[in-house]
Amino acid sequence: MIAYNKTSLDRRQLQTIIDQLSANKLLSPEEVKNIKAAYPSDLNSPSIFVRIGYGILTLIANGAAFGIVLLMSGGSGIRSICFFMALLSIGALEFFIREKKHYRSGVDDVLFHLAVIYLIVGFTFDFSSYSNTLSMGCLIAIVCYIVGAIRYLNRLSAALIPIAAWCFIFSLFQSYIPIVVYFIAAAAMAALLLFFNMLEKQNRWPYHRDCLHWATFASAIACYASLHYHCYQTLRYIGYYGSPEPGATNLWTIFLWCWTIVIPFVFLGYGIRKASISWIWLGMVAVLSLGYFYHHYLSILSPEVGAILVGLIITCVVGYIILYLQQKKSKRFEYEPGINSDDLLIPASLVGMIRMHTPAADGSTSFGGGAFGGGGAGGDF
């Protein structure tokens with residue numbers, strides 16, 4: 001199912017854990033060197049700058065191949081060319097994974113997403129209806145991204161699964177989108193959030209943990225975006241015409257304002273409670289999107305006043321959190337070597353070592369009967 005060798009993935013994960021232990025001063029440089037020498041990783045995972053370079057070169061090479069095939073065909077048969085290029089990209093992806101050991105190197109990322117684009121264009125090229133084209137494209141994208149997350153451990157594919165599902169729901173309607181659809185989309189994204197979060201906690205997919213992590217946050221973003229846009233659809237008459245949309249009572253309007261304001265701080269509070277940097281970042285981004293949303297769509301406040309208010313809100317919240325943690329003398333966001341280190345690091349590293357194939361002994365040390373015969377150890381042992 002997974003395109004990568006599991007032993008190689010285990011060794012790469014072990015080296016990541018060893019680097020964390022080394023950064024936390026729990027292992028000496030000599031110990032780190034010895035462990036990495038005993039369990040080397042053969043996966044090609046370069047730095048971010050090399051990864052970007054690999055991705056650009058792959059994009060250029062793939063585009064050149066597409067241009068050559070297009071010239072050879074005389075510019076006809078676009079669907080067939082797209083299907084051929086999709087197969088060619090997947091074949092190249094499998095080759096670089098199996099033979100060249102590329103893992104999140106930029107080459108495998110670009111090849112997979114190019115294959116998805118070719119498949120979407122190939123299936124939707126002759127569609128005349130925009131709504132049908134968008135729906136079919138989203139449906140194909142969902143299937144491809146599920147395959148990408150499961151087989152190729154592609155984190156971006158995992159994040160795009162709920163986004164593609166969100167777009168598919170809205171693509172089923174052409175010109176007018178009923179208000180209830182936004183609730184359906186929000187409920188569907190909330191269900192996906194719970195589903196991915198449940199899979200992540202079960203630890204049945206150890207190699208897909210990052211993918212599930214990204215899919216969870218993308219589901220949360222899509223859910224909040226549905227509520228955002230529903231609030232805009234209901235309140236836009238206030239911003240442009242000075243009156244609410246017909247059917248929007250004052251109580252309902254207040255409720256819409258409340259949930260779009262409260263949810264970012266729910267994300268932020270959950271991240272602080274769980275000591276999760278990812279959820280804290282998500283909460284901060286949601287708070288900033290809140291200010292942008294009300295300014296851009298409703299134009300209630302000037303940019304200067306809105307920026308000041310958002311800054312004051314963030315400053316007050318962060319200041320309160322810092323003071324609260326200091327008063328409680330919380331150690332959750334502090335690190336002291338040997339006192340409150342991450343309890344999962346050492347067990348995880350030991351489990352990682354157990355799951356790997358131990359290097360064979362070199363035979364330089366052996367125990368025999370000794371040079372003097374009998375069962376005792378002599379000068380040679």
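The exercises below, with worked solutions, treat the helices, aromatic pairs and cysteines of a predicted model.

Residues are numbered from 1 along each chain as its sequence is written, and side-chain values use heavy atoms, with hydrogens and water left out. As the model is predicted, local features need pLDDT of at least 70 and side-chain atom pairs count only at pLDDT 80 or more, while totals for chains, interfaces and linings use all residues.

**Exercise 1. Overall make-up**

Task: State how many helices and strands the protein has, and what share of its residues is buried.

Solution: Helices (H or I, at least four residues) and strands (E, at least two) are DSSP runs, numbered from the N terminus. The protein has 13 helices and zero strands. Next, take buried as under 20% relative accessible area, exposed as over 50% and partly exposed as in between (1.4 Å probe, protein chains only). Of the 381 residues, 36% are buried. Finally, contact means heavy atoms within 4.5 Å. Among contacts between residues at least 6 apart in sequence, 66% join residues at least 24 apart.

**Exercise 2. Helix α8**

Solution: The buried residues of α8 include Y182, M189, L193, F196 and E200. Just after α8, N203 takes a positive phi of about 60 degrees.

**Exercise 3. Helices α3 and α5**

Task: Describe how the axes of α3 and α5 cross, and name residues that make the contact.

Solution: Axes are lines fitted to C-alpha atoms, for helices over the stretch in contact, with angles from 0 to 180 degrees between N-to-C directions. The axes of α3 and α5 come within 8 Å and cross at roughly 40 degrees. A crossing is left-handed if the near helix is turned anticlockwise from the far one by less than a right angle, and right-handed if clockwise. The crossing of α3 and α5 is right-handed. On the α3 side the contact residues include R51, Y54 and F66, and on the α5 side they include V107, L114 and Y118.

**Exercise 4. Aromatic pairs**

Task: Count the aromatic pairs, then classify F66 with Y118 and F83 with F123.

Solution: Rings of Phe, Tyr and Trp (its six-membered ring) pair if their centres lie within 6.5 Å; planes under 30 degrees apart count as stacked, over 60 as edge-to-face and the rest as tilted. The count comes to twelve aromatic pairs. The ring centres of F66 and Y118 are 5.8 Å apart with planes at 25 degrees, so this pair is stacked. Because F66 lies in α3 (residues 48-72) and Y118 in α5 (residues 107-124), the pair ties together parts 52 residues apart in sequence. F66 is partly exposed at 23% relative accessibility, whereas Y118 is buried at 10%.

For F83 and F123, the centres are 5.1 Å apart and the planes at 70 degrees, so the pair is edge-to-face. F83 lies in α4 (residues 78-98) and F123 in α5, so parts 40 residues apart in sequence are tied together. F83, at 26%, and F123, at 37%, are partly exposed.

**Exercise 5. Cysteines**

Task: How many disulfides does a search of the whole structure find?

Solution: A disulfide is a pair of cysteine sulfur atoms within 2.5 Å. The search finds zero. For C167, the closest cysteine sulfur is that of C138, 5.0 Å away and too far for a bond. C167 is partly exposed at 29% relative accessibility, while C82 is buried at 3%.
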